[in-house]
Amino acid sequence: MKRIIHLLIGLIIGLTMQAQLDRSVPPTAGAAPKINIEEAKTFQLKNGLKVFVVENHKNPIVSYSLSLEIDPIVEGAKAGYISMAGDLLRSGTTTRTKAELDEAIDFIGATLSTSSRGIYASSLKKHSNEILDLMADVLYNPSFPADELEKLRKQSLTALQSSKDEPKAIAANVAGVLRYGKNHPYGEVMSEQTIEAITIDDCKNYYHTFFRPNVAYLVIVGDITLAEAKTQVNAHFKKWKKATVPSYKYDKPATYASPKVALSNKDAANQSSIQLTYTIDLTPNNPDVIKAKVMNEVLGGGTFSARLLTNLREDKAYTYGAY
């Protein structure tokens, strides 16, 4: 009986609130939320590694993000080898096979991933030293197994073959070349020839040349103090040896005096992809960065609530997308 009474009361309250709610009037916006980001505490090792620590003791988790601050690189006839080098870092070390590495990470419920620009790891605080041991092993002792390179090669070739039927992928390749040119890192296009040309030595050379502490920074966020971070960083990264790292400079992309149209035909394609593209020199510290991101979310943003998509789908009832 009490349950029935509670249900009836809830129904009456709901109907009353619904009767008072005018759905033709959008709700007013509330106060803007305050973003409280803790100030990072910093220190630097003698080998040049810069460390940033942000304490957050809400959850017993710590994350470690190691990133390289290096210039983009022209890969030329071996376009794609840099990303493969980053993937191979996670494929085993001289002390652990990939399977053993996976098992050790899973056993403590942690995360460890690699890329051509660094390594990311996260775990419960009580396992932070264990995940750092694994992270350091990956950093210092990657084995670059040849069989794993062949797996990556096959995956890349399969993905490349699929992309040849994707209008968006074709348009992205054409747009990249038009914006930057073929001899710029952002204008290079992978092909079967460049992927087949990649060797283990290419990946090893990239690692030995660019994975250096003097061009790296480590961001530590989570349930950790500055003192604890200093102890961990010194224990795991102090022996990382610095070296001279090449730097590269590129001319700014040429602009077009008038609109340029490029067509790339794909026979029997059931859809077309149209890109309007231009280069904008918008660096991270530019005061317009946040404004541009907000504008992008409102107009295009990749969501169904964005104005461009809403106009096509709801106003005109077209089954197209615009972002």
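**Calls and cut-offs in a predicted model**

Me: Why is Phe144 called buried?
Reply: Phe144 has a relative accessible area of 5%. Buried means under 20% relative accessible area, exposed over 50%, and partly exposed in between (1.4 Å probe, protein chains only). So Phe144 is buried.

Me: What should I know about the model and the numbering?
Reply: This is a predicted model: local features need pLDDT of at least 70, side-chain atom pairs count only at pLDDT 80 or more, and totals for chains, interfaces and linings use all residues. Residues are numbered from 1 along each chain as its sequence is written, and side-chain values use heavy atoms, leaving out hydrogens and water.

Me: What makes the phi of Phe144 worth a remark?
Reply: The phi of Phe144 is positive, about 50 degrees, although Phe144 is not a glycine. Most residues other than glycine have a negative phi. Phe144 is found in the loop between α4 (128-140) and α5 (146-163). Helices (H or I, at least four residues) and strands (E, at least two) are DSSP runs, numbered from the N terminus.

Me: Is Ala317 buried or exposed?
Reply: Exposed, because its relative accessible area is 61%. Ala317 also has a positive phi, about 60 degrees, and is not a glycine. Ala317 is found in the segment after α11 (307-315).

Me: Why is the contact of Lys41 and Glu55 called a salt bridge?
Reply: The N to O distance between their side chains is 2.8 Å. A salt bridge needs a side-chain nitrogen of Lys or Arg within 4 Å of a carboxyl oxygen of Asp or Glu, so the pair qualifies.

Me: Which parts does this pair tie together?
Reply: Lys41 lies in strand β1 (residues 41-44) and Glu55 in strand β2 (residues 50-55), so the pair ties together parts 14 residues apart in sequence. Lys41 is partly exposed at 36% relative accessible area. Glu55 is also partly exposed, at 22%.

Me: How do you know that Asp165 and Lys266 form a salt bridge?
Reply: Their closest N and O atoms are 3.0 Å apart, so the pair meets the cut-off. The pair links distant parts of the chain, 101 residues apart: Asp165 is in the loop between α5 and α6 (167-180), Lys266 in the loop between α9 (226-237) and α10 (289-299). Lys266 is partly exposed, at 33% relative accessible area.

Me: What makes Asp288 and Lys291 a salt bridge?
Reply: The closest N and O atoms are 3.8 Å apart, so this pair counts too. Asp288 is partly exposed at 38% relative accessibility, whereas Lys291 is exposed at 57%.

Me: How many salt bridges are found in the whole structure?
Reply: The search finds 13.
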